[in-house]
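These are my notebook entries on a single model. I set down what I looked up, topic by topic.

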Amino acid sequence: MFRNLSQSRPFWAFLVIFCLFLEVVALYYQYQLDYLPCVLCIHVRMLLALLIILGILGWLCAGNRSISRVFLILTMAVWIWMLERSYQLLATERGWNLGECSMESGLPSWLALEKWFPWLFHIHEPCGYTPYLLFQISMAEALTALSVLFVLACLLGLIKGR
(Lines give C-alpha, C1' and ligand atoms only; values in the text may rest on other atoms or scores of the structure.)
Protein backbone atom coordinates (compact mmCIF):
# COMPACT_ATOMS: atom_id res chain seq x y z
CA MET A 1 0.00 0.00 0.00
CA PHE A 2 2.76 2.45 0.93
CA ARG A 3 5.37 0.95 -1.39
CA ASN A 4 5.14 3.48 -4.24
CA LEU A 5 3.18 6.18 -2.45
CA SER A 6 5.14 9.05 -3.99
CA GLN A 7 4.36 7.75 -7.49
CA SER A 8 0.71 7.02 -6.74
CA ARG A 9 -1.60 9.38 -8.60
CA PRO A 10 -4.53 8.28 -6.40
CA PHE A 11 -2.55 9.34 -3.30
CA TRP A 12 -1.85 12.79 -4.74
CA ALA A 13 -5.46 13.16 -5.91
CA PHE A 14 -6.70 12.14 -2.45
CA LEU A 15 -4.39 14.68 -0.83
CA VAL A 16 -5.74 17.49 -3.03
CA ILE A 17 -9.39 16.51 -2.55
CA PHE A 18 -8.98 15.99 1.21
CA CYS A 19 -7.24 19.36 1.70
CA LEU A 20 -9.90 21.09 -0.42
CA PHE A 21 -12.53 19.43 1.77
CA LEU A 22 -10.81 20.75 4.92
CA GLU A 23 -10.70 24.26 3.42
CA VAL A 24 -14.43 24.05 2.59
CA VAL A 25 -15.21 22.90 6.14
CA ALA A 26 -13.24 25.84 7.54
CA LEU A 27 -15.10 28.27 5.29
CA TYR A 28 -18.44 26.70 6.25
CA TYR A 29 -17.65 27.19 9.94
CA GLN A 30 -16.60 30.78 9.23
CA TYR A 31 -19.37 31.95 6.92
CA GLN A 32 -22.32 29.76 7.91
CA LEU A 33 -21.72 29.07 11.60
CA ASP A 34 -19.94 32.37 12.37
CA TYR A 35 -16.76 30.92 13.91
CA LEU A 36 -14.18 33.52 12.94
CA PRO A 37 -10.59 32.37 12.36
CA CYS A 38 -7.58 33.32 14.46
CA VAL A 39 -3.99 33.61 13.26
CA LEU A 40 -3.26 29.93 13.92
CA CYS A 41 -6.38 28.94 11.98
CA ILE A 42 -5.20 31.08 9.09
CA HIS A 43 -1.76 29.45 9.26
CA VAL A 44 -3.50 26.06 8.97
CA ARG A 45 -5.44 27.33 5.94
CA MET A 46 -2.21 28.53 4.34
CA LEU A 47 -0.58 25.15 4.93
CA LEU A 48 -3.61 23.39 3.44
CA ALA A 49 -3.30 25.61 0.36
CA LEU A 50 0.39 24.68 0.14
CA LEU A 51 -0.53 20.99 0.42
CA ILE A 52 -3.03 21.42 -2.43
CA ILE A 53 -0.29 22.90 -4.60
CA LEU A 54 2.14 20.11 -3.64
CA GLY A 55 -0.56 17.53 -4.33
CA ILE A 56 -1.18 18.89 -7.80
CA LEU A 57 2.54 18.99 -8.56
CA GLY A 58 3.00 15.51 -7.08
CA TRP A 59 0.19 14.20 -9.28
CA LEU A 60 1.73 15.81 -12.36
CA CYS A 61 5.19 14.39 -11.58
CA ALA A 62 4.08 10.94 -10.36
CA GLY A 63 5.83 9.27 -13.29
CA ASN A 64 9.27 10.48 -12.19
CA ARG A 65 10.48 8.56 -9.13
CA SER A 66 13.09 11.10 -7.97
CA ILE A 67 10.91 14.17 -8.32
CA SER A 68 7.88 12.48 -6.80
CA ARG A 69 9.97 11.46 -3.76
CA VAL A 70 11.03 15.08 -3.34
CA PHE A 71 7.36 16.11 -3.38
CA LEU A 72 6.58 13.43 -0.79
CA ILE A 73 9.39 14.74 1.45
CA LEU A 74 8.07 18.31 1.04
CA THR A 75 4.54 17.09 1.76
CA MET A 76 5.74 15.38 4.94
CA ALA A 77 7.55 18.58 5.98
CA VAL A 78 4.36 20.61 5.51
CA TRP A 79 2.37 18.05 7.54
CA ILE A 80 5.00 18.33 10.31
CA TRP A 81 4.56 22.11 10.19
CA MET A 82 0.78 21.55 10.26
CA LEU A 83 1.24 19.34 13.33
CA GLU A 84 3.16 22.12 15.09
CA ARG A 85 0.52 24.76 14.24
CA SER A 86 -2.33 22.40 15.20
CA TYR A 87 -0.65 21.53 18.49
CA GLN A 88 -0.17 25.25 19.24
CA LEU A 89 -3.87 25.74 18.55
CA LEU A 90 -4.75 22.82 20.82
CA ALA A 91 -2.36 24.07 23.53
CA THR A 92 -3.95 27.53 23.40
CA GLU A 93 -7.42 25.99 23.52
CA ARG A 94 -6.54 23.84 26.54
CA GLY A 95 -4.61 26.56 28.38
CA TRP A 96 -1.27 24.74 28.10
CA ASN A 97 0.19 27.65 26.14
CA LEU A 98 -0.18 31.02 27.81
CA GLY A 99 1.60 33.00 25.10
CA GLU A 100 -0.04 35.88 23.30
CA CYS A 101 -1.61 35.25 19.94
CA SER A 102 -1.12 38.14 17.54
CA MET A 103 -3.47 39.48 14.90
CA GLU A 104 -0.68 39.48 12.29
CA SER A 105 0.00 36.55 9.96
CA GLY A 106 3.76 37.05 10.08
CA LEU A 107 4.06 36.87 6.30
CA PRO A 108 6.47 39.12 4.40
CA SER A 109 4.97 42.06 2.50
CA TRP A 110 5.66 40.40 -0.87
CA LEU A 111 3.40 37.48 0.13
CA ALA A 112 0.26 39.40 1.09
CA LEU A 113 -2.19 36.49 1.06
CA GLU A 114 -4.52 38.30 3.46
CA LYS A 115 -4.85 41.17 0.98
CA TRP A 116 -5.08 39.00 -2.12
CA PHE A 117 -7.56 36.47 -0.70
CA PRO A 118 -9.24 38.11 2.31
CA TRP A 119 -12.23 35.77 2.12
CA LEU A 120 -9.87 32.88 2.92
CA PHE A 121 -6.90 34.32 4.83
CA HIS A 122 -8.18 37.30 6.86
CA ILE A 123 -7.47 37.03 10.59
CA HIS A 124 -10.57 37.98 12.57
CA GLU A 125 -9.82 37.34 16.24
CA PRO A 126 -7.17 36.28 18.73
CA CYS A 127 -6.64 32.60 19.47
CA GLY A 128 -8.80 30.95 22.05
CA TYR A 129 -10.83 27.91 21.18
CA THR A 130 -11.94 25.98 18.14
CA PRO A 131 -15.44 24.72 17.45
CA TYR A 132 -16.51 21.15 18.05
CA LEU A 133 -16.94 18.85 15.09
CA LEU A 134 -18.48 15.41 15.52
CA PHE A 135 -18.47 13.47 18.81
CA GLN A 136 -17.26 16.47 20.85
CA ILE A 137 -13.91 16.49 19.06
CA SER A 138 -12.60 20.02 18.62
CA MET A 139 -11.19 21.23 15.34
CA ALA A 140 -7.76 21.56 16.98
CA GLU A 141 -7.88 17.94 18.19
CA ALA A 142 -8.94 16.69 14.76
CA LEU A 143 -6.23 18.69 12.97
CA THR A 144 -3.56 17.40 15.36
CA ALA A 145 -4.63 13.78 14.85
CA LEU A 146 -4.88 14.17 11.07
CA SER A 147 -1.43 15.74 10.95
CA VAL A 148 0.08 12.82 12.86
CA LEU A 149 -1.61 10.33 10.51
CA PHE A 150 -0.37 12.09 7.37
CA VAL A 151 3.17 12.46 8.74
CA LEU A 152 3.21 8.72 9.46
CA ALA A 153 1.77 7.88 6.02
CA CYS A 154 4.42 10.01 4.28
CA LEU A 155 7.16 8.51 6.43
CA LEU A 156 5.99 4.97 5.64
CA GLY A 157 5.81 5.89 1.96
CA LEU A 158 9.39 7.10 2.06
CA ILE A 159 10.65 4.03 3.95
CA LYS A 160 8.74 1.47 1.87
CA GLY A 161 9.45 3.26 -1.40
CA ARG A 162 13.21 2.81 -1.23
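**Entry 1. Positive phi values**

I began with Phe135, which sits in the loop between helix H5 (118–121) and H6. The model is predicted, and I read every value below as computed from it. For Phe135 I noted a phi near 55°, a positive value in a residue other than glycine. Is Phe135 buried or exposed? Its relative accessible area is 76%, and the cut-off for exposed is over 50%, so Phe135 is exposed.

I then turned to Asp34, in the loop between H1 and H2. Asp34 is also not a glycine, and its phi is positive, near 60°. I recorded 59% relative accessibility for Asp34, which therefore counts as exposed.

I looked up the separation of Glu125 from Pro37: 88 residues in sequence, but 6.4 Å from C-alpha to C-alpha.

**Entry 2. Helices H1 and H6**

How do the axes of H1 and H6 cross? I found that helix H1 (residues 9–31) and helix H6 (residues 139–160) have axes that come within 14 Å and cross at roughly 170°. Angles over 145 degrees count as roughly antiparallel, and H1 is therefore roughly antiparallel to H6.

I listed the residues that meet between the two helices. From H1 they are Phe14, Leu15, Phe18, Leu22 and Tyr29, and from H6 they are Met139, Leu146 and Phe150.

I also looked up Leu155, another residue found in H6. With 37% relative accessibility, Leu155 counts as partly exposed. Its C-alpha is 7.2 Å from that of Met76, although 79 residues separate Leu155 and Met76 in sequence.

**Entry 3. The salt bridge**

How many salt bridges does a search of the whole structure find? The search returned one. I identified its partners as Glu84 and Arg85, whose side chains meet with an N to O distance of 2.7 Å.

I compared the accessibility classes of the two partners. Glu84 is partly exposed, at a relative accessible area of 33%. Arg85 is at 17%, and the limit for buried is under 20%, so Arg85 counts as buried.

**Entry 4. Asn97**

I located Asn97 in the loop between helix H3 (65–94) and helix H4 (113–116). Asn97 is partly exposed, with a relative accessible area of 25%. Which residues does Asn97 contact, leaving aside its neighbours within four places in sequence? I found Gln88, Ala91 and Thr92. I also noted Tyr87, which is 10 residues from Asn97 in sequence and 9.8 Å away, C-alpha to C-alpha.

**Entry 5. A nonpolar surface patch**

Which helix gives the most to the patch? I found that helix H2 (residues 39–60) does, with six residues.

I looked up one patch member separately. Leu60 is found in helix H2, and its relative accessibility of 52% means that Leu60 counts as exposed.

Methods. Residues numbered from 1 in each chain as written. Predicted model: local features only at pLDDT ≥ 70, side-chain atom pairs only at ≥ 80, totals over all residues. Heavy atoms only, no water. Helix = DSSP H or I, 4+ residues; strand = E, 2+ residues; numbered from the N terminus. Buried < 20%, exposed > 50% of the residue type's maximum accessible area, 1.4 Å probe, protein only. Axes fitted to C-alpha atoms, helices over the stretch in contact; angles between N-to-C directions. Parallel < 35°, antiparallel > 145°, perpendicular 65-115°, else oblique. Contact = heavy atoms within 4.5 Å. Salt bridge = Lys/Arg side-chain N within 4 Å of Asp/Glu carboxyl O.
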